[in-house]
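I opened the structure and kept short notes on what I looked up. The entries follow in the order I made them.

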Amino acid sequence: MSDTTATTTREELTGFERVPLRTRIVESPRPFLQWLAGLFALVAVEFGTYATLAFAMVERAFVGVTALVELLVGAVSGSATSTVLDIQAAGSTFLTGLTEWAGSLPTLFGRETIPNQGYMLGPNGPWKGTFLGLEPALAWALRLTLIVVYALFVSYWLFRGWKIYRDHYRQADWTPTDDMVGRLRGHRWGQFGILVLLLYLSMAIFGPALGPTTVEQNIQSSYSHEIKYYDTEAESVETVFVGEANFNSKSKGSGENVGPMTYDNYDRFHPFGTLSNGRDLFTFLMGGARITMIVAGMAIGIATLIAAILSMVSAYYAGSIDLGILTTADGIVSVPRLILLIMVSAVFANHWLGNILDGGFILALVFAFTTWPLLWRAVRGPALQVAQEEWVDAARSFGQRPRTIMRKHMLPYIVGYLLVYASMTTGGIIISLSALSFLGNGLGISAPTPAWGRAVSLGQSYVATSSWHISLLSGLVIVVLVTGLNALGDGIRDAIDPETESAEAEEAAAGGGA
Amino acid sequence: MNSGIEQPEQTAQLGETLIEVENLKKHYGGGGMFESSSVKAVDGVSFSIQRGETLGLVGESGCGKSTLGRTLVRLEEATEGTISFDGTDITTLSGDELKTWRRNAQMVFQDPESSLNDRMTVGEIIREPLDAHDWKTKTERQERVLDLLTSVGLREEHYYRYPHQFSGGQRQRVGIARALALEPEFLVLDEPVSALDVSVQAKIITLLEDLQEEFDLTYLFIAHDLAVVRHICDRVAVMYLGKMMEISDTEAVYADAHNPYTRSLLSAIPHPDPSTSSHRITLPGTPPSPRDPPTGCQFSTRCPAKIRPEGYKHVDEAVWDAIERFREVVRERSRMSLSTVDRLKRQLGSFSAYDDIDETVTDLFGDLDVPTDVSEHIETAAGLVKEGRPADARDHLNDTFNGACDLKRPDFHPVGEHNHMSYCHRHESDYEDVTPVITRRTSDS
Ligand code: SF4
């Protein structure tokens, strides 16, 4: 190798790393810009949905924070609290206004663009008010399909973003992540898990547009909304309160039943039938998806964070610190979770904390508090193993800070395990949450906000009748999600742990030879 | 290459003491409520390392050599004693002072599979020490990493590769480059080649020698047998059960080992020329637990040259061997603790769990012509064991058969030239020297 080539290589090599990602993108912007344009378009067509969600979340957070401030200020001076409350009210009104404004923005797959609620003008149609005059079932199915396809495409686009980074902007031509993704590609069961998770996330985000009607109209304030329908007896189009229509569309066994994929007497289509109180089950379940995903996500997020930090601390410092954490974790595990949930729900029943997210916030905290010891226990082993590796000693020997050692040299090796156990544990949280709502009586998510467990419980007495759909379909919604999360966990485990794979391959080879 | 980072004045100081270790102890556990005694991994060791030399540290696994190496780079806290590095006692350093000092002493680890973080590129791995110490500018760090890659015989393109893509020898080169990054003066090489293929071992050793010359490094080279260290080490220290048995110039150790333990290690190396002293000495049993080392000389339970008590001159070699084996069995028994039920049985006189000791006695002494003054004590001891009191049996045997080696710790005696030191009672004038004893005993058996 001549001197000149050596220098060019060197300049190329160091030059490459010195350049920050932004500069690397500026140097060859095409792939990135193309991807960005696509993402922009994808967000733009559903901007209203995302903005509504974001503003609503900010509003909740704002109310929560000001409530906390009020509590603290109240302890010092009583007069200041009213100021805080004024600020809270003003801010909340403003943010709610923004949320409503965002909600009024048209979206490509929204109910305004593809309406499915309408009524017949005569005994055999035509339909008025629906998309292109289609019958409500078809209009609804079209919208549902489009939204699902859209959501999956957005997910694919985000994955594609990573691929573009890998192919065009990353320095290393290979990293361990590539292998993991590769292994997940051939893993059908894991892919099923990912698909399920994506579908349920779509339900949480696009829920209001997915149902044939809305939670607000059909469930929360059914006597403030009127609908039109073709009355076969009067042979004319009549107007009725939604609440009244619900009252006459109950599913209560053989006498009164509106089953799955049928219309009721008010020209309304019910893909999953109606509940025992006449409300639309599909809409109810979509509404439940959002609160379930938020509570479960928050709980598992906090629990995973605590478990990650504490498992690394136990493994790195070991000794009495480890013992202390162990004792704490065992103490928490020994408290029966259900009793704790019931107690906390009772204590915070009338407290502001208990009202955030319809009681979901405090539940998420309790779930996080009771779940981290389980995750910690599962991950402590792998963490201890990593702490024994010589690269950790090497880092200590040149004086690396413990925090950096944990982040750089330990975390990457336990994050996979965390994901595996977290996704499997989430199933348990979802089941417990549903169980609480099933029990009712002030437990779980407070009515009328939809909760899956409550739907199961409403249908409980009709399981053996023609209204079997209430409990069965709600139960299935829970079961599919829990199964999907377990599949996801299996997929991640196999993706991060090639040893099991190669061991199996060896076994297979040995078996073939014998 | 890198001429800027070498310090020419060091060359002038070659031969000066860089590290002075005095009465260093490292004990694990103990002190707590549940553990009765601590593990004495390093138990009072003193030696020094000259600037620019390579000191070999040899011993069986578990003898404390790795712990000693790790203590020297402050991966372990010393329990007692001092390590003075260039005049500073580093056992008391902490915080920023410690971090700054760490640049001077680095370590190369044994297992190249475990010593590199697989999730980082080779460039990041070698650069990490520089980053941790905010060494110069970012560009200079990268330049330095590339220089190091070339120095250890890798190519600059390897910067963005992952360790996964390298062979064991190459990974070890990366580990060496990382250790060199901060321009240390002293490197602890913890069995750097024992996990590698034989064909690669020589290359890595040569690399280490070249680097030592290029960067004026001082090495502590840890190895588990004497064969490896001969080529690279200037001096060799031999460790057994946390204690230094012998230390001297490499050639002096090979040609004229004084300590019985070193002799037995040497006898395990295949000799090309069968000279007079090349009888193979096989050590019986295994090293005792470092939790409960012998009271006298650490090596006394297995020593082929052990000093025997005055009163038993007439007892022949085979019987002595049997006695030592029997003592070991009893010692093991006395370490086990009895269950409550067994303790109750012992009170009632119906204890029987240890009746198999009779078989041991038959196995060991059955074929031998045992003098009565020996056999009566053996029987007494066996009786005590059967009663469930192995600790008393152990004491009885100690009282009877203890010689100088069992009773008191030897001194570290100067023997021969070049600060040749050996840890053995036999270097005192009262006792016969090691060589004739070993020759006699090994030829007898
Ligand atoms: S002191 Fe005794 S036991 Fe120790 S090495 Fe010397 S002869 Fe052997």
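How many residues does helix α15 of chain B have, and how far does it reach from its first C-alpha to its last? I noted first that this is a predicted model. Helix α15(B), residues 390-401, has 12 residues and reaches 16 Å, close to the 16 Å expected at 1.5 Å a residue.

I then looked up burial in this helix. P390(B), A393(B), L397(B), T400(B) and F401(B) are buried in α15(B). Down the axis of α15(B) the buried residues fall within an arc of 85°, so they line one face of the helix. Their cover includes α11 (317-335), α14 (372-386) and α16 (404-407) of chain B.

Next I went to the sheet. Chain B has an open sheet of eight strands with mixed pairing, and I wrote down the order as β6-β7-β8-β3-β9-β10-β12-β11. β6 (105-108) and β11 (412-414) of chain B are at the edges with a single partner strand each, so one side of each has no neighbour in the sheet. On average, neighbouring strands are turned by 20° against each other, direction ignored.

I checked one pair inside the sheet. β3 (54-58) and β9 (235-240) of chain B pair in the parallel sense over four bridges. L55(B) has R235(B) in β9(B) as its bridge partner.

Two helices on the sheet came next. Helix α2 (65-72) of chain B lies across several strands, including β7 (186-190) and β8 (218-223), and runs at about 155° to β8(B). Helix α6 (168-180) of chain B touches β6 and β7, and its direction makes about 175° with that of β6(B).

Last, I looked up the domains. The assignment for chain B gives domain 1 (112-183) and domain 2 (310-402). Their centres, taken over C-alpha atoms, are separated by 58 Å.

Note on methods. Residues are numbered from 1 along each chain as its sequence is written. Chains are lettered from A and ligands numbered from 1 in the order in which they are written. This is a predicted model: local features need pLDDT of at least 70, side-chain atom pairs count only at pLDDT 80 or more; totals for chains, interfaces and linings use all residues. Side-chain values use heavy atoms; hydrogens and water are left out. Domain bounds come from an automatic or database domain assignment. The expected span of a helix is 1.5 Å times one less than its number of residues. Buried means under 20% relative accessible area, exposed over 50%, partly exposed in between (1.4 Å probe, protein chains only). The arc is that of the directions from the helix axis to the C-beta atoms. Contact means heavy atoms within 4.5 Å. Two strands pair if DSSP finds at least two bridges between them. Axes are lines fitted to C-alpha atoms, for helices over the stretch in contact, and angles run from 0 to 180 degrees between N-to-C directions.
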